[in-house]
Amino acid sequence: MKAVILVGGQGTRLRPLTLCVPKPMVPLANKPFVSYVLEHLQQNGIDEVIFSMGYLPDGIKSYFGDGSSLGIKLIYAVEDHPLGTAGAVKNVEKYIQDGDFLVLNGDILTDLDLRALMEFHREKNASGTIALTPVDDPTAYGLVRTGAEGEVLGFLEKPSWDQIDTNLINAGTYVLQAEVLDMIPAGVEYSFERGVFPRLVGKDLYGFGSNAYWMDIGTPEKYLQAHYDILEKNVSTAVSLCLDEDFVCVEEEARLEAGAKLVPPVMIGGGSVIKAGARVGRMAVIGPGCVVGSGSVVEESVIQADSTLEENVTVRRSIVARGARIGPGAVVRAGAVVGEEATIEGDNVLANNIRVYPGTVIKAGTIKF
Ligand code: GDD
Ligand code: MG
């Protein structure tokens with residue numbers, strides 16, 4: 001079976017991480033996010049994947065190429081204007097019209113059993129089968145009402161609170177029959193969630209529930225949570241192979257000076273240097289090529305590649321994007337996000353979910369919460 005991955009969105013809620021890098025390429029535990037999606041597909045026997053792209057397509061293509069290193073054939077399609085989720089699939093119709101196919105939102109981390117989903121779809125002879133997952137707050141998702149056999153009784157995108165009568169939502173993974181493509185107008189914006197699925201209700205559309213791990217990487221909070229879950233092996237990923245029985249993963253040529261302390265679970269990227277007297281973890285991922293200076297502390301945080309924390313820096317529950325520099329004694333905490341190549345000079349305290357845009361320089365002593 002073939003799969004289409006939708007990666008055309010702008011990832012606005014994840015800014016500034018998605019200003020220079022498209023969401024699928026934002027690193028998650030030191031690998032582009034979408035490489036987890038590809039690995040998951042490959043493990044479930046999918047050998048051909050079509051990337052449906054719009055915003056910042058070049059990085060994806062140059063990183064994954066023809067997919068041979070992953071054992072998957074990759075095809076790329078770029079929209080010159082956004083076609084919506086269904087329009088984007090219609091746009092790649094020529095690659096998928098020979099049977100059932102999978103569609104995946106490109107911003108989901110899951111270890112859902114895709115083989116079981118495809119099997120269920122075949123057994124029901126469904127026109128479409130939507131993977132479902134329970135969430136606490138369905139208002140940000142597509143609410144799916146199902147009957148006793150899993151038949152979809154209603155699909156409501158972004159429901160209001162008074163419309164909510166189930167916690168099951170569209171998990172952003174579908175199997176569809178090729179005939180569904182005939183319902184989608186070509187060349188115009190059209191949505192599965194507001195167009196195709198509501199029209200398919202009562203026409204052999206099914207929901208497939210599971211207790212698989214599921215997380216949409218939509219916001220900085222969820223981006224951090226996905227890292228914690230990978231580090232704790234709450235979701236099955238290839239990172240688990242690097243994490244030893246003590247939940248420590250140190251990649252090639254990283255250097256821990258004597259007196260540097262790692263508190264698991266923790267991951268240190270290749271070639272990084274953790275200086276004497278620094279403490280990294282628990283729940284910390286340091287990207288490749290970083291320096292964590294002496295006396296610095298990194299907890300519950302992600303430091304992306306090539307960043308430098310000078311001496312006595314504290315980073316807690318925050319994200320530092322690629323190539324940033326944090327000066328001596330600075331504190332970055334409480335949901336702060338420092339954009340790529342930003343410089344935070346010493347004697348600043350960044351907190352309260354502050355977003356620092358890429359390349360910004362904050363002079364010493366400017367911000368104190
Ligand atoms: N190619 C292309 N073109 N891709 C697009 C376009 C487009 O015009 N618009 C959105 N996408 C991609 C996004 O990149 C993302 O991977 C996916 O389609 C879904 O779009 P989002 O913008 O992330 O939608 P959402 O998160 O608000 O809601 C969707 O996902 C929920 C699960 O996380 C819906 O499918 C909901 O029903 C679902 O519950
Ligand atoms: Mg989304």
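Okay, let's start with the ligand: the space taken by ligand 1 is the largest pocket. Keep in mind as I go that this is a predicted model.

So who sits around ligand 1? There are 25 residues around it, and the ones that come nearest are Leu6, Glu79, Glu157, Asn170 and Glu193. If you sort that shell by class, you get 10 nonpolar, nine polar and six charged residues. As for where the shell comes from, four elements each supply at least two residues: β1, which is 2-7, α3 at 84-90, β11 at 168-176, and β13 at 214-216.

Now the polar contacts. At Gly8, a polar backbone atom is 3.0 Å from a nitrogen atom of the ligand. At Gly142, a polar backbone atom is 3.0 Å from a ligand oxygen. And how much of ligand 1 does the protein cover? On its own the ligand has 730 Å² of accessible area, and the protein covers 85% of that.

If you want a pair to click on, Leu143 has Leu156 in β10 as its bridge partner. Between the strands of this hairpin there are five residues, and Gly150 there takes a positive phi near 90°.

I've got two open ones to show you.

One has six strands, with parallel pairing, in the order β16-β19-β22-β25-β28-β31. At the edges you find β16, at 261-262, and β31, at 349-350, each pairing on one side only. Inside that order, β22 (residues 297-299) and β25 (residues 314-316) run parallel and are joined by three bridges. Look for Glu299 there: it stands opposite Arg316 in β25.

The other open sheet has seven strands, again with parallel pairing, and the order is β14-β17-β20-β23-β26-β29-β32. Its edge strands are β14 (248-250) and β32 (355-356), and each of those pairs on one side only. For a look at one pairing, take β20, residues 284-286, and β23, residues 301-303: they pair in the parallel sense over three bridges. Val285 stands opposite Val302 in β23.

As a reminder, most residues other than glycine have a negative phi, and most peptide bonds are trans.

Where are the cis bonds I'd like you to look at? One joins Arg15 and Pro16, with omega about 5°. Pro16 is in the loop between β1 and β2, the latter being 27-28. And β1, remember, is one of the elements supplying the shell around ligand 1.

Another cis peptide bond joins Gly281 and Arg282, and there omega is about 0°. Arg282 is placed in the loop between β19, which is 279-280, and β20.

You'll find Lys233 in the loop between α7 (220-231) and α8 (239-242).

That's my tour, so let's bring the structure up and take questions.

How values were computed. Residues numbered from 1 in each chain as written. Chains lettered and ligands numbered in written order. Predicted model: local features only at pLDDT ≥ 70, side-chain atom pairs only at ≥ 80, totals over all residues. Heavy atoms only, no water. Near = heavy atom within 4 Å. Polar contact = N/O pair within 3.5 Å; in protein donor to acceptor, adjacent residues only side chain to side chain. Areas by Shrake-Rupley, 256 points an atom, 1.4 Å probe, with all protein chains shown as cover. 1 Å grid on protein atoms, 1.4 Å probe; cavity = no way out; pocket = protein on both sides within 12 Å on 5 of 7 lines; lining within 4 Å. Sits in = over half its atoms within 2 Å of the grid points. Nonpolar A, V, L, I, M, F, W, Y, C, P; charged D, E, K, R; others polar. Pairing = 2+ DSSP bridges.
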